[in-house]
Amino acid sequence: MELKVNQIKWNAICLMAAMVLMLCSCGGTQEQSGSRGTGAVTGRLAEGKIMEETGLDIGERHYEWIRYCRDGEGIRILGLRTKDDTLIVPAEFRGYPVCGIGGTGEEMDPKGTYYLNSEDGITYSDMKKLLPWNLDSEQRLKKIIVSEGIRKIVGAGFAWVMADQVDLPESLTLIDEFSFTHSRVGKVVLKSKTASLGCGAFWGSKLKEIVLPDDFQGEIDLECFWQSSIETFQWPAIKMKYYIFGNCKKLKEITFPENQKKIEISDNEFIDCPKLKKLIFPASTGEVRYGHGPYADNYKEGGVETLVFLGKDTKLVCCDDEGREIPSYIPAGKIIAPKGSKAIRFAKKAKKASYLAPDVSGAATENENGDDECYQPLDNYMKAAGEKAYKGKIKLVPVEYEER
């Protein structure tokens, strides 16, 4: 009898051990804890599996909902909601470090109701039904704080989010292409000195201001702020890609830090930025390499009207899109600089375009392969330096200048 009881006990122990082993082997298993709704996860999360939980505590903070997946050895958060007016994206969750934010359209919206990368596009009214960071269409967060340790914002990470400000940590290395597209974020504060801001990262967003570290050495890619609501920008001491600010109709001020050895402004940089009337370069600026892209008295939306130099020793050079110097030409209306300065000496010899024909200033042309070559006639004219070839299309006159 005693032997039989011991056998039953042993069988029970073996059965329990087998159940524990089975549970541990089922990665990504989710359990809802009834009334508390903490959604505790047991076992190891399966790579890439989308998980959702509601009514949970992370550290000392309570959240209404989270969507996430495992990414390598960390967690990538796809959406997070709180009733508080400040949302803090945690550095750790379920025993894993949070390595990133965002994902593909399918990850952000696994039901496929509104696929974020749809060719047909989506409207703001559509997005009211897909709010990965806001509880509802009326909630506007005062601030989103991304915790230190998080390294990347990818895909549609903060697309369409509504917040007054987003603070990004020093650990951040990447703001991916279109990560903030169409977001309702007014201000972004970036602490990272080496982060890469991808192509179209803030495309069409309501961003008014982005604050970068004084010694920012990262990258700012093509069309980063295109069609955004940015109003002011402090130009970092790096060479940026082309068309960063195109169609920024509210942009009114660019400031340049002191002691920059070289400031490079690409051609066509300020296309259709009507409120940006002048650029002011500090006295300590070494050289300004200014792009040749279209500007004329009859085409002022193609550039900045006035260049102001505060020092005598700043060199002004006009360059083509390959960085080659174009002698005695500048696509601006007027140069203001101290008497006898290098900028004034340049202005006294330089010419500007007072007239550009429509096919030179604004309309795209096609090459023999059928590819668009916007502003190509102006490019060809400047490279060939042959005014006769474009008689009636481009009229050059002496640059206006003012000595102070």
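Student: Which residues are linked with Asp71 in a network of salt bridges?

Tutor: In this predicted model, the network of salt bridges links Asp71, Arg76, Glu107 and Lys152.

Student: What makes the pair Asp71 and Arg76 a salt bridge?

Tutor: The closest N and O atoms of Asp71 and Arg76 are 2.9 Å apart. A salt bridge requires a side-chain nitrogen of Lys or Arg within 4 Å of a carboxyl oxygen of Asp or Glu, so the pair qualifies.

Student: Why is Arg76 called buried?

Tutor: Its relative accessible area is 9%. Buried means under 20%, and Arg76 therefore belongs to that class.

Student: How many salt bridges does the structure hold?

Tutor: The structure holds 21 salt bridges. One of them joins the side chains of Glu287 and Arg289, at 3.0 Å from N to O.

Student: Are Glu287 and Arg289 buried or exposed?

Tutor: Both Glu287 and Arg289 are buried.

Student: How do you know that Glu402 and Lys334 form a salt bridge?

Tutor: Their closest N and O atoms lie 3.1 Å apart. The cut-off is 4 Å, so this pair also counts as a salt bridge.

Student: Why are Glu402 and Lys334 called partly exposed?

Tutor: Glu402 has a relative accessibility of 29%, and Lys334 has a relative accessible area of 25%. The partly exposed class lies between under 20% (buried) and over 50% (exposed), so both residues fall within it.

Student: What is the strand order of the open sheet with parallel pairing?

Tutor: This open sheet of 5 strands has the order β6-β9-β11-β13-β15.

Student: What makes β6 and β15 edge strands?

Tutor: Strands β6 (86-89) and β15 (209-211) each pair on one side only. On average, neighbouring strands of this sheet are turned by 15° against each other, direction ignored.

Student: How do you know that β11 and β13 pair?

Tutor: Strand β11 (residues 162-168) and strand β13 (residues 184-190) share 6 bridges in the parallel sense.

Student: How many helices and strands does the protein have, and what share of its residues is buried?

Tutor: The protein has 6 helices and 29 strands, and buried residues make up 48% of its 404 residues.

Notes
Residues are numbered from 1 along each chain as its sequence is written. This is a predicted model: local features need pLDDT of at least 70, side-chain atom pairs count only at pLDDT 80 or more; totals for chains, interfaces and linings use all residues. Side-chain values use heavy atoms; hydrogens and water are left out. Buried means under 20% relative accessible area, exposed over 50%, partly exposed in between (1.4 Å probe, protein chains only). Two strands pair if DSSP finds at least two bridges between them. Helices (H or I, at least four residues) and strands (E, at least two) are DSSP runs, numbered from the N terminus. Axes are lines fitted to C-alpha atoms, for helices over the stretch in contact, and angles run from 0 to 180 degrees between N-to-C directions.
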